[in-house]
Amino acid sequence: MYFEGLAKAYKFSLDVPVEMINEEGIYALLYGTNGKKIEMSRVTSYGTGTYKSDFEGIIPNLNRRYAETTSDWSRSDIEAVMTTCVCPDCKGSRLTPEIMSVTVGGKNIYEFCSMPISEELEFIKNLQLTPRQEIIGKLVINEIRQRLEFLNSVGLDYLSLSREAATLSGGEAQRIRLATQIGSSLMGVLYILDEPSIGLHQRDNDKLLATLKNLRDLGNTLIVVEHDEDTMRNADYIVDIGPGAGVHGGELVAAGTVDDIIGCERSITGMYLSGKRFIPVPEKRRAGNGKKLTVYGASEHNLKNINVEIPLGKFVAVTGVSGSGKSSLVNEILYKYLCTTLNGGKKRPGKFDNITGADNLDKVIDIDQSPIGRTPRSNPATYTGVFNDIRELFAQTPDAKQRGYKANRFSFNVKGGRCEACEGDGIVKIEMHFLADVYVPCEVCSGKRYNRETLEVKFKGKSIFDVLEMTVDEGVEFFSQQPKILRKLKTLQDVGLGYIKIGQSATTLSGGEAQRVKLATELSKRSTGKTIYILDEPTTGLHTADVHRLVNVLNMLVDTGNTVVVIEHNLDIIKTADYIIDLGPEGGNGGGEIVVCGTPEEVADCEKSYTGKYLKPLLKNIN
C-alpha cells in the first residue's frame, strides 16, 4: 500500500524497470517523503479505507534497523546491501585540514602513515633537518626508527601504519606483538608463541627466526608451538608430542635436540626430519582439460592491473612473499566474482576489468578453516550428513518400530528423544556472574544427551549415544555393512580424521580439522568435474604428516576433473602443484605483479622468484 500510494503521488508505475521511474519518485522511494503525506488505501475487516501518512524511505529504514538491532544475523543481512566508501571531506585521512597542513620532510602525518613500513624507514633515515629541528626531534626520530626496524625485522615491511587492525591476519597481529616485545629489550622473560610462521613466505620466515634468536640471546626463553621444519631445525630443544593425534596422542614421544628427535623411531616428526618419510614430487604434471579462467585488469589493493590465466582441471598454487597480492587476487576478486556468478551469492568483488571462462565451471567452493559450527550441537556427523543416515538406521530397528519411533526421535535438537534437562546438549552451563561460566555434565542424562527410552533402542548392541562416542575408525568397522554410512565415514578416514569421535563437538575441533571435515564432505558428494575449490593456506596448523594427507585429498579432487586453487607458502604443497602463479616480487607497493607462471620446475628456474629460490632444492631434474 505504501508503494502504490507513492506511485500515485509521484506519477510512476510499479510495473516498469527502476531506470524508467522519474527522479522525484526514485528519491522518495530511497530517502522517503520528508514529511509530505501520501494517500494510501488499506483493506481491513471493515472494508477499504484511505488514510494519509509519510513514507520513511528504504535507506533510512535500513539505517534505523541496523542501528537498533542487537542481532548479528540481522546486521549481516542488512550489510549485504551496504558498502564502505571514502569520506569525501577528509579523503580517508580522518583528520582536519589544519592537522593535514603540518608537514615533516614535505609529508603530513597521513601521507607518512600510508607508506609501507620499508619506505617509512627509508624516509626517516634520509630525513634532512636543521640543527634546531634535530635537537628538538632527535629522541623521537630515533624511537620511530627503532620501532619501524623491529616491524621490518619480523617480515612486516609491506604493511602501513594506517592499516586497520581488523584487516590483519592472525600471524601478522602476532608478529606485531612480537615486534613490541623486541623493542622492550626485556631479559628473563618466558615468551610463548603459537605458530608464528603462519602466513609467512620462506624468505620472511628466515627474518622471523633471526628475530626469535635475538630475543633468546637477550636472555629470554621462547616456547614455540610449530610445525615448520626450519623452526624445528633452528630450535635448541624440541618436545615431540604424539605419536598420533586425538585418542592416539597425548604422550611424550621424544625430547632433545633435532638429532635426538630424528633418532627416535616412534616419532613421526623425526621420520619426516630424517627424510625416511617425505611428500614425493609427482612424476609428471597434469595437462588439465585445455580450458582456462582468465582475469583481466586485476587492480584491487596493490595489484598492478595484471592479467592472470588459471588453467582448469589442474592443481594450481598461488605463491609469493607476504603482502604480494595473493589474497587480493584469489579471495577478493576471483572467489567473490565466481560466488556471485555461479552460486548466486551477494558479494562485491575487488577491482578488475573482465573475467572469462566462468562458463566452464558449475560452482565454486571456498574451503577455509572457520569452525563447522559454533555450538556443542554441531559435530562432524551433522556437518557431513551421516547423522541423518544413522538416525534412519536406528528408526528401522525392531525396537524402534515396536515403540513407533521415527528418525527424529534420535535427534538431540528435537523434543521427544532428547534429555530435556539439558535440551540435548549433554552439558549444563552454570553462570558464575563475574567469573567465567562453568560447564558441567547434565545430572539427569550423565552427558548422554538422550532420555532413557531413546537409549534403550540398540543397533548391534549399541545405542545412538554409543555410536556418537565412537571414533571414525571404529565407525568404519562398525558400519561396514551399511554402504551409505560407510562411504561418508570412509572419506573422513581418508582425510586423516579417523581419530576424532563421530559426535565430537565442533567447538573442540582445530581449524585444520574443521577444514578436513569440509573436504571430506565435498569428497563424499558426486563429482561433476566442473567445480573450482579455493583454499587459503590450508596447511595452517598442520603437521607434515597431515600435509601429506591433505595433498592426497586435494589430488583426489583434481583427479575427478575439478580445479583446485590454493594460496600457499608451504613448499611441500607448492612442489606437488601442476601450475604456479607467483606474485611479487616484494610485498605491499613493491608487489602486485606476476613474477612467473608455470610448472614448479619453470618457477624454480626463474632467478627473480623468491619462491623459485627456495623451491629449487626440493625438485628433481633442475638444471
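Predicted model: local features only at pLDDT ≥ 70, side-chain atom pairs only at ≥ 80, totals over all residues.
Two packed helices are described by the angle between their axes and the distance between the axes. For helix α2 (residues 23–31) and helix α3 (residues 58–68), the axes come within 3 Å and cross at roughly 10 degrees. Angles under 35 degrees count as roughly parallel, and α2 and α3 are therefore roughly parallel to each other. On the α2 side, the contact is made by Leu-29, Leu-30 and Tyr-31. On the α3 side, Ile-58, Ile-59 and Pro-60 take part. Sorted by class, the contact of α2 with α3 has 6 nonpolar residues, with no polar and no charged residues.

Aromatic rings were examined next. A pair of aromatic rings is described by the distance of the centres and the angle of the planes. Across the whole structure, 13 aromatic pairs were found. One of them joins Phe-394 and Phe-410, whose ring centres are 5.6 Å apart. The planes of these two rings stand at 45 degrees, so the pair is classed as tilted. The pair links distant parts of the chain, as Phe-394 and Phe-410 are 16 residues apart. Phe-394 belongs to helix α16 (residues 386–395), whereas Phe-410 sits in the loop between α17 (398–403) and β14 (427–430). Residues under 20% relative accessible area count as buried. Phe-394 has a relative accessible area of 0% and is therefore buried. Phe-410 is also buried, because its relative accessibility is 0%.

Two single residues were then considered. Ala-7 lies in helix α1 (residues 2–9). With a relative accessibility of 10%, Ala-7 counts as buried. When neighbours within four places in sequence are left aside, Ala-7 is in contact with Phe-12 and Leu-14. Ala-7 and Gly-447 are 440 residues apart along the chain, and their C-alpha atoms are separated by 60 Å.

Ser-524 is found in helix α22, which covers residues 511–524. Its relative accessible area is 10%, so Ser-524 is buried. A polar atom of the Ser-524 side chain lies 2.8 Å from the backbone oxygen of Thr-521. Beyond its neighbours within four places in sequence, Ser-524 is in contact with Arg-487, Lys-488 and Thr-491.

Key:
Residues numbered from 1 in each chain as written. Heavy atoms only, no water. Helix = DSSP H or I, 4+ residues; strand = E, 2+ residues; numbered from the N terminus. Buried < 20%, exposed > 50% of the residue type's maximum accessible area, 1.4 Å probe, protein only. Polar contact = N/O pair within 3.5 Å; in protein donor to acceptor, adjacent residues only side chain to side chain. Contact = heavy atoms within 4.5 Å. Axes fitted to C-alpha atoms, helices over the stretch in contact; angles between N-to-C directions. Parallel < 35°, antiparallel > 145°, perpendicular 65-115°, else oblique. Nonpolar A, V, L, I, M, F, W, Y, C, P; charged D, E, K, R; others polar. Phe/Tyr/Trp six-rings, centres within 6.5 Å; stacked < 30°, edge-to-face > 60°.
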